[in-house]
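Dear colleague,

I am handing over the structure we spoke about, and below it you will find my notes on what turned up in it. Please read them with the model open beside you.

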Amino acid sequence: MDASRICPEDVVRLISDPNTPGMVCCVGEDPENRQAQPSAHVYWLRDADNDRMEPTSELEILDRALLHGDTVLHGRRKGLVTSTEIKVSLRYSDGLVIENIDTKELKHLQPFRQGNWVVHQGWLGRVMSCRELVEISFDDGSQCVLSSSSGELIPVQKLYERSPLFPSMVVRPSSGDIFRNAEWVKGSYRRQKQGMVISTRPAEVFVAWVAALSGSTAHPPPPSCAPGLLSLLNHFGHRLARACC
């Protein structure tokens, strides 16, 4: 793809470093230096120096998600995306790679991700954030369960600092009170500094209600909802799989 047409959420790599993928956050020009070439804010999938502005001329596009309704060009012909099918290669933590997996067979770790659409009591809303119940184990054999919002648990490996929490991820608390105030299901708090995530599940979803549908209630539901009350509109969710996602 033409690097001058790099868009937000494109998966890219540096021409000088083809083995490290990254995801574009935004693209633009330096307002204080109109002579500078366009640049992209990229989150790189690496442990160090992983949040940088890069000239678009030094980037190559690896992947771009096409959505239903997108207008595209093929040669000189313009068209509208009506259907997509995505096959992916999966790399497990032990290095095993399985290829040619249909994304319909995959499920995202976080069902209620920011930006997802949901319905409740006839109202359409958009997920703003999600509080999770996270179970963590420690080297001394103790285990705790805590309610975690964004930023309270920090991945030890910088490689995963922008990833959702997932089983086997090693995390540390952003403050000393987080582990101290957790519910200890095995052992007790002994000033543990870090632990490994065993499981996660959504506990509370915060929604911005935007429209009343047919048969809706007179007033929108409260912004805080239990996950079991929400109907997730994720029919095309499997079409959003990307490299390094």
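Two strands are taken to pair if DSSP finds at least two bridges between them. Please keep in mind that this is a predicted model. With that definition in hand, strand β1, which covers residues 11-14, pairs with β5 in the antiparallel sense over 4 bridges, and within this pairing R13 stands opposite E60 in β5.

Both strands belong to an open sheet of 5 strands, whose order is β4-β3-β2-β1-β5 and whose pairing is antiparallel. At the edges of this sheet stand β4 (51-55) and β5 (59-63), and because each of them has a single partner strand, one side of each is left without a neighbour in the sheet. Direction ignored, neighbouring strands of this sheet are turned by 45 degrees against each other on average.

As for the chain as a whole, its secondary structure comes to 1 helix and 18 strands, and its C-alpha atoms fill a box of roughly 65 × 55 × 45 Å along the principal axes. Of its 245 residues, 30% count as buried, while the accessible surface comes to about 15600 Å², with 50% of that area belonging to carbon and sulfur atoms. Among the contacts in the chain with a separation of 6 or more, 52% are accounted for by residues 24 or more positions apart.

Key:
Residues are numbered from 1 along each chain as its sequence is written. This is a predicted model: local features need pLDDT of at least 70, side-chain atom pairs count only at pLDDT 80 or more; totals for chains, interfaces and linings use all residues. Side-chain values use heavy atoms; hydrogens and water are left out. Helices (H or I, at least four residues) and strands (E, at least two) are DSSP runs, numbered from the N terminus. Buried means under 20% relative accessible area, exposed over 50%, partly exposed in between (1.4 Å probe, protein chains only). Contact means heavy atoms within 4.5 Å. Accessible areas come from the Shrake-Rupley method with a 1.4 Å probe; for residues, only the protein chains shown count as cover. Axes are lines fitted to C-alpha atoms, for helices over the stretch in contact, and angles run from 0 to 180 degrees between N-to-C directions.
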